[in-house]
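Please go through the model below with its two chains in view. The paragraphs after it can be read alongside the coordinates.

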Amino acid sequence: MKLVWKLLRQHISIGQFTGFTMANLIGMVIILLGFQFYQDVSSIFSSKESFMKKDYIVVTKQVGAVSALTGKGNSFAPAEIEALEKQPFTRSLGQFLPADFSVSASMGMKNIGIQFSTEMFFESVPDDYVDYNSSQWNYREGDELIPIILPRNYLNLYNFGYAQTRGLPKLSENVISMISLDISIRGQGKSGHYQGKIVGFSNRLNTILVPKAFLDWANKEYGSGEKVYPSRLILEVSNPTDDRIAKYFQDKGYETEDDKLEQGKTIWFLKIVVGIVMAVGILITVLALYILMLSIYLLVEKNSAKLENLLLIGYSPSRVAWPYQLLTLGLNAIVLVLAFIILMIVRKYYVEMLEALYPDIIIGGIGKTVLIGIVLFIMVSFMNVLVIRQKIAVIWERKD
Amino acid sequence: MDKIVLKQVLPMVFEEHRSLMQSDVWLQDLTFEKGNSYLVEADSGTGKSSLCSYIFGYRKDFTGQILFDDKDLNGLGVKDWVDVRLRSLSVLWQDLRLFPELTAMENVQIKNQLTDFHSQKQIEEWFERLGIADKKNSKVGRLSFGQQQRVALIRSLCQPFDFFFADEPISHLDERNSEILGEILMSEAQRQGAGIIVTSIGKHMNMNYHRIIKL
C-alpha cells in the first residue's frame, strides 16, 4: 500500500486541500458554534422553573374598579372557558381550582422560639401542567403529608424584607424544603391537621399550589359544595409568539401573569438568528465540499494513467480508491477535532460572560453539538467516499 | 481457466472491411488451450494489441464473442475481472505500463505485494539473469526501453496465471536477452501448466510453438 500511495500522491495540490480544510473548518465551526450558543443561551429563558412545562401561560381577567368592589366578575364563566379552548392557538387548557375552605399554616422551630402562623389558601392545577417529579407530587386520601409549591416571591419577601429588618436568619430553598408546615383546615364545622412539605418554588405560578387530588378530596370533605369558577386558567399554546394570542387577550380583557409571551418572542428571534447563522455555516460547508470534489476530480484526472495501470495489474477499484478516501477521511477528522477545539475555546469565553450576566444560569453540556459534529463528519465523509469511488469506476469502465 | 474461445470476433473499426477479412483470428472460431503456446504473427495495424485488450477486458469495441471456458466475458463483473487479472491472465503489454516514478524493483514489488507470489530472492535472481540487477534501484523512467521490457516481464510473472500474453515482448532486446527472457517465461509457464500467446510483427521469441496463427 505504501508504493500505491507513493504513486497516487503525485499531483496532490497542498493548496487545494488546505483550502478545502479551511473552508470546511469555518463552515463546521459556524454550524457547531451556532447550535451550541443557542443551547447555552436558551437555558437563560427556561432558567429555574423546572416544574412548569415550557409553553404554558397563566391567564387572568383584569381587575377593574367595579369587579374589585363587587368581588364578582373575576372568574371565568364556562362559556368563556369553552371559547378560549376553541381558539386555534390553544393546545390544551387547565383550570385553577381554589380551595373551598379556610387554611392556616404555622411553621418554625419551637426550640429556638421562632414560630410563624398565617392564614393562607390553596389552589391546584391539573397534574399534567405541573412538570414535577410525580412520586413527590401526589396525594392519596388519608395521607398526612401534603406537597406544596410556593411562589418564590414569598421566600424573597421573607429573606430580603422580614428577616433582614428583624435580624432573623435567612433561609435557603433547601432549608425551607426541610421544614414541615403545620396545616390546619376548617370548613363546614369540621377541622383537620396535616403536615405540609414544600417541594419547590415557582416564579410563574403566583399561588400556593397543592396536588389536585388533595384539593378534590378536601373540597368535598370541608367545602360548601358550591360550584366554584376558576379565576385563573393555565393555557398550553403551540407557539407563545403567536400574535393572535395577544390580540385575543386584548379583545377579551385577559392578562397573563408572567412575561412568558415576551420570552417566547425573544426565543423566536434567537432561533431565527441562529437559524440564519447555521444556514451560512451549512452553505460554507457545502462550498467546501464542492472545492474538495473539484480537487479530487482534478487529482484523479491527472493520475488517471497510473490509476488505469494499477487496475490493469490486478488492483481492485476499491483498493485504488482507498488511499484517496483515507486522505479525505483524515482531513475531515482533522476538521472535526479542530472545530471542537475552537468551539471549546470560544464557548469558554462566552460562558464566562453569560455566567457573569446571569449568575443563576444552568449551562448544559455539549453532547448534542458533539453529535451534530459527528453526524456532519459522517455525511461529508460519506459523500467524499462515494464520489471517489464513482470517479475510479469511470476509469475502470473507461467511460471518459 | 482452461481455454479462451473466440467466436467470430471482429474489432469494430474493421467492420467496413468485414468481407475482405483474411485472418486466422478475426471472424473465425478460435480456441487457445491451456498448456499450449501460440505465436500470433501480424502486420502492423492488424489489431494484435486490440486482441490483448479485448481478452484482458480493457476494451470492448468488438463484435462477436469471447469466452473464458464457457463464460462470456461480457457477463463478468468488477470482482470477476479483478480475480481474472490476479489469478488467470497475465499480460506483458506492448507499451509495458510501468510506473516511471517508481524504481525498477518497486515496479515489480507493487505487483508482488498484491499477490505475494514470488520470494524477493526469486525476483532478485531474475533481475540478475536478465542483466538489470544494477538498475533495480533506478527510476524506470531513466531506463532504456529494452531494460524496461525486462522489468515489465518480471512484474508480469509475479502472479499465478493460466494464460500469458506477451505483446511483442522482445522488440527492443538483443538475441541473448531474448533467449533468456524466453527461457524464464517458458519455465514459469511450464511450472504452472499455463498457455502462452506471443504476438509478433517480425522478430519473435524462439520457442516450440504449438501453433502459429496469422492475424
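Predicted model: local features only at pLDDT ≥ 70, side-chain atom pairs only at ≥ 80, totals over all residues.

Residues are numbered from 1 along each chain as its sequence is written, while chains are lettered from A and ligands numbered from 1 in the order in which they are written. The scores of the model are ipTM 0.93 and pTM 0.66.

Chain A has an open sheet of 4 strands, ordered β2-β10-β1-β11, with antiparallel pairing. Helices (H or I, at least four residues) and strands (E, at least two) are DSSP runs, numbered from the N terminus, and two strands pair if DSSP finds at least two bridges between them. At the edges are β2 (90-95) and β11 (254-256) of chain A, each of which pairs on one side only. From one strand to the next, the twist averages 35 degrees. Strand β10 (residues 232-237) of chain A runs antiparallel to β2(A) and is joined to it by 5 bridges. Leu93(A) has Leu235(A) in β10(A) as its bridge partner.

Across β2 and β10 of chain A lies helix α4 (residues 78-85) of chain A, which runs at about 155 degrees to β2(A). Such angles run from 0 to 180 degrees between N-to-C directions, and the axes are lines fitted to C-alpha atoms, for helices over the stretch in contact.

Elsewhere in chain A, strand β7 (residues 145-151) has 5 of its 7 residues buried, so β7(A) is largely enclosed by the rest of the structure. A residue counts as buried if 20 or more other C-beta atoms lie within 10 Å of its own, as exposed if 12 or fewer do, and as partly exposed in between, with C-beta atoms placed from the backbone. β7(A) pairs in the parallel sense with strand β9 (residues 190-202) of chain A over 7 bridges; the partner of Ile148(A) in β9(A) is Ile198(A). The loop between β8 (180-187) and β9 of chain A holds Gln188(A), which is not a glycine but has a positive phi of about 50 degrees. Gln188(A) is exposed, with 12 other C-beta atoms within 10 Å.

Chain B has 6 helices and 9 strands. Its mean pLDDT (the predictor's confidence in each residue, from 0 to 100) is 92, and 100% of its residues reach 70 or more. Of its 215 residues, 44% count as buried.

In helix α4 (residues 120-129) of chain B, the buried residues are Ile123(B), Trp126(B) and Phe127(B). They span an arc of only 100 degrees around the axis, which puts them on the same side of α4(B); the arc is that of the directions from the helix axis to the C-beta atoms. Exposed Lys121(B) and Glu128(B) are on the face of α4(B) turned away from its buried side. The cover over the buried residues of α4(B) includes α3, α5 (145-157) and α6 (175-192) of chain B. After α4(B) comes Gly131(B), with a positive phi near 75 degrees.

The contact between the chains takes 16 residues from chain B and 14 residues from chain A, where two residues are in contact if their C-beta atoms, placed from the backbone, lie within 7 Å. On the side of chain B that touches chain A, α3(B) gives the most, with 6 residues.
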